Amino acid sequence: MVKFTPAYTQTYWVTLAHGKSVCVVAESLAEIVEAVKPGIVVEIKSLPYPAMPRAGKLSECPPFCTIPNTCAGHTSCPARPSCSE
Ligand SMILES: [Zn+2]
């Protein structure tokens, strides 16, 4: 099973079995798995802000993170200046 740690932002950068990654806003692991079907979840990292591309339900927050591969796994944007600025 993939490691899933609930993020404060409920926003995740999800890596799929075929190598693609998508941003998913969800409240649970089950919701993430459902959002990326038929993709197979390989890895889940938290994102400080939503990013593109997205799967599943949309949040009201616009896609701030422009380099999600760098920002994934952080609770705030490590980019300088941060993606939201
Ligand atoms: Zn960012």
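Strand 1 and its neighbours

Modeller: 5 bridges join strand 1 to strand 2 (residues 21-25), and the two run antiparallel. This is a predicted model: local features need pLDDT of at least 70, side-chain atom pairs count only at pLDDT 80 or more, and totals for chains, interfaces and linings use all residues. Residues are numbered from 1 along each chain as its sequence is written.

Biologist: Which residue in strand 3 stands opposite Val-14?

Modeller: Strand 1 and strand 3 run antiparallel and are joined by 5 bridges. Tyr-12 stands opposite Ser-46 in strand 3. In strand 2, Val-14 has Val-22 as its bridge partner. In strand 3, the residue opposite Val-14 is Ile-44.

Biologist: Is Thr-9 exposed, partly exposed or buried?

Modeller: Thr-9 lies in the segment before strand 1 (11-16). A residue is buried if 20 or more other C-beta atoms lie within 10 Å of its own, exposed if 12 or fewer, and partly exposed in between, with C-beta atoms placed from the backbone. Because Thr-9 has 16 other C-beta atoms within 10 Å, its class is partly exposed.

Terms used: Helix = DSSP H or I, 4+ residues; strand = E, 2+ residues; numbered from the N terminus. Pairing = 2+ DSSP bridges.
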